[in-house]
Amino acid sequence: MTLDLKPISIKELTSLSSPKVWTFNCYIDQIKSITPIKGWLQAEKKDNYLIITANIKTKVDLTCHRCLKNFTKNLKAVEEELILISKNTKGSDPVTSQKVFDETEDWLESIHPNDSFDPQRWAFEQLSLQMPTVNICSQACPGFFRDSSKKTSNMNNETDHQTTTLDPRWSLLKKIQKT
Ligand SMILES: [Zn+2]
């Protein structure tokens with residue numbers, strides 16, 4: 001069973017009478033998820049932009065940066081994004097970009113009319129954005145230094161104990177002091 005997650009050209013998308021829908025139930029190479037990426041993604045062309053709607057979820061295993069334990073994080077891309085179809089994909093035309101930003105502030109991405117929309121790439125980018133920059137297992141993370149600091153103070157106590165009772169020089173000194 002192969003799922004059709006192939007990119008679609010803007011021209012082909014334009015020729016469709018209904019939105020293009022992809023169903024996800026697979027792994028994507030770049031995302032090391034522990035469960036398949038599941039959900040759907042829809043692309044629809046309107047005037048000079050694409051409307052991307054998606055509901056995609058998966059789970060990844062991460063290592064907590066504080067306590068070094070592994071934990072599972074849910075990643076999900078549940079959103080609607082507008083992608084401008086423009087020959088100036090880098091917004092080099094100040095007139096175009098000015099006009100665009102006046103219309104709406106949702107214009108973050110643009111795509112060239114000769115390009116293709118890649119659902120896998122889109123899913124990868126959106127899910128990657130959900131990856132935390134600092135992995136913390138939970139708000140109740142016990143942390144890494146708590147236990148080790150305890151150990152250190154125990155060791156200090158032990159050391160003190162040893163010097164007072166076991167070092168024979170101390171008893172000698174005491175004897176001298178007494179005499
Ligand atoms: Zn932790």
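Biologist: Leaving aside neighbours within four places in sequence, which residues is Leu5 in contact with?

Modeller: This is a predicted model, in which local features need pLDDT of at least 70, side-chain atom pairs count only at pLDDT 80 or more, and totals for chains, interfaces and linings use all residues. Residues are numbered from 1 along each chain as its sequence is written. Two residues are in contact if their C-beta atoms, placed from the backbone, lie within 7 Å. By that rule Leu5 is in contact with Trp22, Pro119 and Gln120.

Biologist: Why does Leu5 count as partly exposed?

Modeller: A residue is buried with 20 or more other C-beta atoms within 10 Å of its own, exposed with 12 or fewer, and partly exposed in between; the C-beta atoms are placed from the backbone. Leu5 has 17 such neighbours, so it is partly exposed.

Biologist: Which residues of helix 3 are buried, and where do they lie around the axis?

Modeller: An α-helix has 3.6 residues a turn, so residues three or four places apart point the same way. Helices are DSSP runs of H or I with at least four residues, strands runs of E with at least two, numbered from the N terminus. In helix 3, Pro119, Gln120, Trp122, Ala123 and Leu127 are buried. Their directions from the helix axis to the C-beta atoms fall within an arc of 160 degrees, so they line one face of the helix. The face turned away from the buried side carries exposed Ser128 and Leu129.

Biologist: What covers the buried residues of helix 3?

Modeller: The cover includes strand 2, strand 3, strand 4, strand 5 and strand 7 (116-117).
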